[in-house]
Amino acid sequence: MRQEVSPRAVLAARKQFFQQGLGDRPLAALVSEPILRSWKRCAERGLDSAALPRLEPLTAHELSAITERHERLRRLCRPEVESLYADAMQTGCVVILTDSEGMILDALGNADFAARAAQVALRPGVLWGESTTGTNAVGTALVEGRPIAVHGGEHYYDPHAILSCSAAPILDPYGHTVGALDLSGPAAVDHRHALGLVRLAVEQIEHRFFDEGFSGRRILRLQADRALLGTSREGVLVFEDDRLVAANRAGLGLVGADWSALGEKRAGELLERLPGADGETHALRGQGGGALYGRFEGVGARPHSLPRPRPARREEGPLLGAAEKLALARAVRMVAADVPVLIRGETGTGKELAAREIHRASARGGGPFVAVNCAAIPETLIESELFGYEDGAFTGARRQGRRGLLREADGGVLFLDEIGDMPLALQSRLLRVLQEREVAPLGGGRPVKVDFALLCATHRDLRLLVETGSFRQDLYFRIAHYTVELPPLRQLGDRAEIVRALWGRLVEDERLTLSEGCEARLAAYEWPGNFRQLAGTLRVLAALAEPFRPVGEDMLPPDILAAPPAPAADTLDALTTEAMRRTLEACGGNVSQAARQLGVNRSTLYRRLFHA
């Protein structure tokens with residue numbers, strides 16, 4: 001764990017380094033060695049720490065080209081970026097994905113902090129390499145080749161002192177650095193777990209690299225702890241003709257090798273005892289005699305009779321009640337009838353998960369599911385992302401052009417998340433596509449026929465947006481034929497049961513558990529970020545947990561600890577009844593609508609309110 005350095009020590013170090021020179025007092029006593037090495041590299045380049053670095057962001061079309069070039073990296077990182085995004089929304093942070101040079105490809109997170117971060121050019125299309133942006137978590141992690149946190153005044157440039165950043169480089173199966181993942185927030189806020197979360201996310205990303213591209217080769221999965229086989233913590237070694245050709249860091253560490261072993265070492269040189277070719281898990285022994293467990297997959301390995309341990313599931317949406325299941329079943333019928341479906345719910349209630357479930361259960365389940373977050377794509381890029389473009393449509397356009405996401409959804413489902421944030425000018429183009437069922441790419445290309453089902457989602461009141469003129473009325477009536485309402489977590493009944501169920505979804509290691517006190521605190525919290533916030537919190541607790549030692553209340557975030565404790569059972573029952581009564585009043589006495597919002601059956605509502 002990174003040793004915390006006090007702001008006073010950092011200020012003293014800056015004064016000595018930038019004003020007095022290195023002097024006699026060792027700076028290593030004031031700041032960490034990686035920070036000091038970075039400061040020295042920046043000073044040698046002649047960077048002026050008191051100035052605001054002159055950063056030239058890419059044009060919209062240049063950014064579109066570079067994100068297209070790194071599409072596979074963005075796709076592989078997406079689950080972890082979205083998971084960190086759940087935490088970023090609640091803790092005032094942004095999640096940043098860069099390429100191997102530090103060029104920001106994606107930035108998602110808290111809107112208020114994102115606006116402040118943009119003032120120091122922490123946004124897509126800006127290069128945050130150390131040579132241009134001084135000491136910072138992304139650039140310095142890429143230079144040092146390891147995870148690093150840079151807090152406040154540890155940044156080389158004075159204006160960057162508003163930031164607290166934690167980043168880790170991402171390595172591909174051949175040891176090449178392909179990017180970096182970063183979690184950045186305001187320096188005034190305690191982000192002590194940020195680096196641990198980033199490291200865990202990168203570990204999962206690097207593990208996912210082995211899901212594709214290694215057909216015809218033997219893959220050895222190994223771990224010192226048998227229970228961790230099949231999880232992102234397992235080691236992975238890939239062999240071709242018995243020679244090691246690819247690996248992850250965990251795998252190399254388990255056999256005492258480094259990246260130089262690729263192409264050089266054979267399986268027998270790395271392990272004294274190898275597993276059989278039956279695909280089963282066997283006890284192994286490393287060259288040093290250490291006990292390991294592993295199994296071969298791929299060429300020469302028969303399917304194993306026992307299934308691999310189930311990896312952690314990534315679902316962050318609600319555990320659906322009867323009302324929501326019925327609503328989704330009806331939405332599936334809407335898709336079959338080519339009727340657009342609008343999913344409404346607060347941030348974090350699982351709108352995309354609901355959309356994916358509709359797609360999976362529909363007749364279009366075999367076709368593509370193309371998700372577009374209208375709030376996450378920069379306004380300057382969203383038109384070319386959606387509609388595509390022809391060769392030479394603009395400077396920086398790909399020579400072959402681009403199909404666009406609307407055409408990618410052909411034969412399947414197009415999911416427009418946060419459609420309330422779509423620019424007005426683009427709304428009219430989308431309406432035309434929905435009416436004419438054809439897409440005209442930028443640059444004057446011929447219209448192309450498309451066939452997709454449309455699902456939209458929003459946490460905003462579209463009717464109010466229509467009244468204020470920020471959303472087209474004709475588009476609203478076109479997409480809102482059938483609406484699915486997802487209730488917020490605070491309106492659901494047994495939150496303790498929800499906590500237990502979601503913990504079971506997200507944590508595959510049965511040795512990791514929650515204490516009763518911790519579970520009660522989690523159940524009592526209001527969860528303004530709903531299931532996404534709860535899932536993010538549970539992942540943090542799982543990362544901190546130790547086997548056979550239930551997670552205690554002391555590990556909970558400060559905002560949850562500060563919330564009132566869980567009420568007594570009789571008080572909780574009264575609060576539940578009162579919440580039901582208020583919801584029924586808000587729905588004008590409509591029992592069915594109130595039951596849907598509360599996520600309970602109509603019979604439950606009748607019994608609690610009219611037969612108590």
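**Basis.** I worked on a predicted model, in which local features need pLDDT of at least 70 and side-chain atom pairs count only at pLDDT 80 or more, while totals for chains, interfaces and linings use all residues. Residues are numbered from 1 along each chain as its sequence is written, and side-chain values use heavy atoms, with hydrogens and water left out.

**Cysteines.** I looked for disulfides (a pair of cysteine sulfur atoms within 2.5 Å) and the structure holds 0. Cysteine 456 is in no disulfide, and the nearest cysteine sulfur, that of cysteine 374, is 7.7 Å away. I then checked accessibility, where buried means under 20% relative accessible area, exposed over 50% and partly exposed in between, with a 1.4 Å probe and protein chains only. Cysteine 456 counts as buried because its relative accessibility is 0%, and cysteine 518 is buried with a relative accessible area of 0%.

**Sheet.** I took helices (H or I, at least four residues) and strands (E, at least two) as DSSP runs numbered from the N terminus, and two strands as paired if DSSP finds at least two bridges between them. An open sheet of 5 strands runs in the order β13-β14-β17-β12-β18 with parallel pairing, and its edge strands are β13 (369-373) and β18 (482-485), each pairing on one side only. β13 pairs with β14 (residues 413-417) in the parallel sense over 5 bridges, and alanine 371 stands opposite phenylalanine 415 in β14.

For the helices I used contact as heavy atoms within 4.5 Å, and axes as lines fitted to C-alpha atoms, for helices over the stretch in contact, with angles from 0 to 180 degrees between N-to-C directions. Helix α11 (residues 322-336) packs on the sheet, touching β12, β17 and β18, and its direction makes about 155° with that of β18. Helix α12 (residues 351-361) touches β12, β13, β14 and β17, and its direction makes about 160° with that of β13.

**Aromatic rings.** I counted rings of Phe, Tyr and Trp (its six-membered ring) as pairs if their centres lie within 6.5 Å, with planes under 30 degrees apart stacked, over 60 edge-to-face and the rest tilted; the count comes to 11 aromatic pairs. Phenylalanine 17 and phenylalanine 18 have ring centres 5.0 Å apart and planes at 80°, so this pair is edge-to-face. Phenylalanine 17 is buried at 12%, whereas phenylalanine 18 is partly exposed at 27%. Phe17, Phe18, Trp39, Tyr156 and Tyr157 form one aromatic cluster.
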